[in-house]
Amino acid sequence: MEEDNRTELWHRSLQAMLDALNQTLHGTILHPSTPHNASTRASRDDNSYLYILFVMTLFAATVGSLILGYTRSRKVDKRSDPYHVYIKNRVSMI
């Protein structure tokens, strides 16, 4: 008989916990005395997606400029290139 009471108590507490979790997941507020905090948080985070978009745009611009700068610097022939030194010396000999 004592074993049944412990199991029943455990079952009721587990059911209460599952009900509270279910209400939390579905967005119903367990304590209706604090709706002010929920609305304050929602209004504070309204423009958070704009901040994320702004940071991602700055990152993309930075990476793009680094890639373009690197590829353009590789295309420019250097004056100390042996081929250019040979041509310069060859032209001066003629």
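What percentage of the 94 residues of the protein count as buried? The figure is 0%, where buried means under 20% relative accessible area, exposed means over 50% and partly exposed lies in between (1.4 Å probe, protein chains only). Keep in mind that this is a predicted model, so local features need pLDDT of at least 70 and side-chain atom pairs count only at pLDDT 80 or more, while totals for chains, interfaces and linings use all residues. Residues are numbered from 1 along each chain as its sequence is written, and side-chain values use heavy atoms, with hydrogens and water left out.

**Fold and confidence**
- The protein has 4 helices and 0 strands, and reads α-α-α-α along the sequence. Helices (H or I, at least four residues) and strands (E, at least two) are DSSP runs, numbered from the N terminus.
- The average pLDDT (the predictor's confidence in each residue, from 0 to 100) is 76, and 67% of the residues score at least 70.
- Helix α2 (residues 35-44) has the lowest confidence, with a mean of 58, and α3 the highest, at 91.

**Surface**
- About 9300 Å² of the protein is accessible surface, and carbon and sulfur atoms hold 64% of that. Accessible areas come from the Shrake-Rupley method with a 1.4 Å probe; for residues, only the protein chains shown count as cover.

**The annotated stretch**
- An unreviewed UniProt entry labels residues 49-70 "transmembrane region". UniProt positions follow the numbering used here, feature names are shortened, and annotations may be inferred rather than shown by experiment.
- In the model, residues 49-70 are 100% helix and 0% strand, with end C-alpha atoms 32 Å apart.

**Charge pairing**
- Searching the whole structure turns up 1 salt bridge, meaning a side-chain nitrogen of Lys or Arg within 4 Å of a carboxyl oxygen of Asp or Glu.
- Arg 12 and Glu 8 form it, at 3.9 Å from N to O.
- Both belong to helix α1 (residues 2-25), and being 4 residues apart puts about one helical turn between them.
- Arg 12 is exposed at 51%, whereas Glu 8 is partly exposed at 44%.
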